[in-house]
Amino acid sequence: MVTYRYLGNSGLKITEITFGNWLTHGGQVENETAIKSVHAALDAGITSFDTADVYMNGKAEEVLGEALRGQRRESVEVFTKVYWPTGPGGANDSGLSRKHIMESIDGSLRRLGTDYVDLYQAHRYDTETPLEETMQAFADVVRQGKALYIGVSEWTADQLRAGHALAKELGIHLISSQPQYSMLWRVIEPEVVPASEELGVSQIVWSPMAQGVLSGKYLPGKDAPAGSRAADKNASTGGIQRFLTDDVLTRVQQLKPVADELGLTQAQLAIAWVLQNRNVAAALVGASRPEQVAENVKASGVEIPAELMTRIDEILGDVVVRDAAKTAENAPKTRPS
Ligand code: NDP
């Protein structure tokens, strides 16, 4: 079974391995396989699920809603997000304005087939909307009972501090930050994690396997295996190319003996690695097949000895990205349309 962790300084428990459906549901994966993957997650003890309104323009939320239909609502934790353009991409179909937040939550609830989400997240920081307006709208969503807690994604330490202070004034709980984090991408360690620890905010981290690269299945100088994300021309636009260099792939192959020593697959090692960071409440793990879910959940509860953590750092060396400025650099400077 999967271990639970508290989300931030709140009473909400979530599974430390949380199922995410970016690129897969409503896209790369047929609905039948998508639904079987969600059921495999439930069977394995995963009860927390992450999606977003923008994933396949609403289809991912619909597929997740269908997959969870019939589950006791109190026994699952459902997270979604708002910010990126949805619908036809009109002037007010993106961002964190009051208009877009109040309209988007209703669309998400309808597609997910639920009366409330457990966590509603700002998918990015909106440089064009006053933060006070955004947080007031989130507070109203919470008071309407449509979301229980608030989170953010890819916000800088300063943005987190400002958002958290306003949330506190408004009496709502901003308890999570959703950044990219893996052995290869550690840009949250210098600033976002210390600020979050101070504020009582947890990380729920995306692409802990670097989109599958850390499973070791991509070999240097070889074509991506058939059926993998990197071989899928739509899915591979999600940024996986960044990790598909010979240098990165060669070093990832060298992690196999470390995984072997722990009796783990490389995919499990990658997930267990992010969970060694105690500010991480969950690894958001994707899957294109139910068998992957069954494999990946075995990373729950694994302790990696300090000596092996050091060996991982030595093997990966300078391919690890650590620059804190990347959080801001990767966020849009203006609201996308
Ligand atoms: P991962 O790093 O977990 O990659 C998942 C992919 O890796 C799978 O879809 C599968 O792809 C492959 N894979 C999974 N398990 C295995 C295995 N055991 N062996 C080999 N390959 C495997 O995370 P994602 O990039 O999918 O992101 C996870 C979640 O994070 C998303 O669903 C979403 O909820 C969230 N996210 C949030 C973002 C944000 O901006 N807030 C951005 C991106 C993601 P395949 O089989 O096709 O190769």
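A polar side-chain atom of S153 lies 2.9 Å from a nitrogen atom of the ligand. The protein covers 97% of the 920 Å² of accessible area that the ligand has on its own (Shrake-Rupley method, 1.4 Å probe; for residues, only the protein chains shown count as cover). The model is predicted: local features need pLDDT of at least 70, side-chain atom pairs count only at pLDDT 80 or more, and totals for chains, interfaces and linings use all residues. Residues are numbered from 1 along each chain as its sequence is written, and side-chain values use heavy atoms, with hydrogens and water left out.

**Ligand surroundings**
- The ligand is surrounded by 34 residues (a heavy atom within 4 Å).
- Q28, D50, S207, K217 and S288 are the closest.
- W22 places a backbone N or O atom 2.9 Å from an oxygen atom of the ligand.
- For A210, a backbone N or O atom lies 3.5 Å from an oxygen atom of the ligand.

**Whole chain**
- The protein chain holds twelve helices and ten strands (DSSP runs numbered from the N terminus: helices H or I, at least four residues; strands E, at least two).
- A compact globule of 337 residues would have a radius of gyration near 20 Å; the protein chain has 19 Å, which agrees (taken over C-alpha atoms; the rule is 2.2 Å times the number of residues to the power 0.38).
- The C-alpha trace spans about 50 × 40 × 35 Å along its principal axes.
- Of the 337 residues, 59% are buried (under 20% relative accessible area; exposed is over 50%, partly exposed in between; 1.4 Å probe, protein chains only).
- Among contacts with a separation of 6 or more, 81% join residues 24 or more positions apart (contact: heavy atoms within 4.5 Å).

**Helix α5**
- The 14 residues of α5 (157-170) should span 20 Å at 1.5 Å a residue, and the end C-alpha atoms are 20 Å apart, which agrees (expected span: 1.5 Å times one less than the number of residues).
- A157, L160, G163, H164, L166 and A167 are buried in α5.
- These buried residues pack against α4 (131-143), β7 (147-152), β8 (174-177) and α6 (192-199).
- Just after α5, G171 has a positive phi of about 80°.

**E189**
- E189 sits in the loop between β8 and α6.
- E189 counts as partly exposed because its relative accessibility is 30%.
- Leaving out residues up to four places away in sequence, E189 touches Y181, P194, W273 and R322.

Terms used
A polar contact is a pair of N or O atoms within 3.5 Å; within protein, one must be able to donate a hydrogen and the other to accept it, and residues adjacent in sequence count only if both atoms are side-chain atoms.
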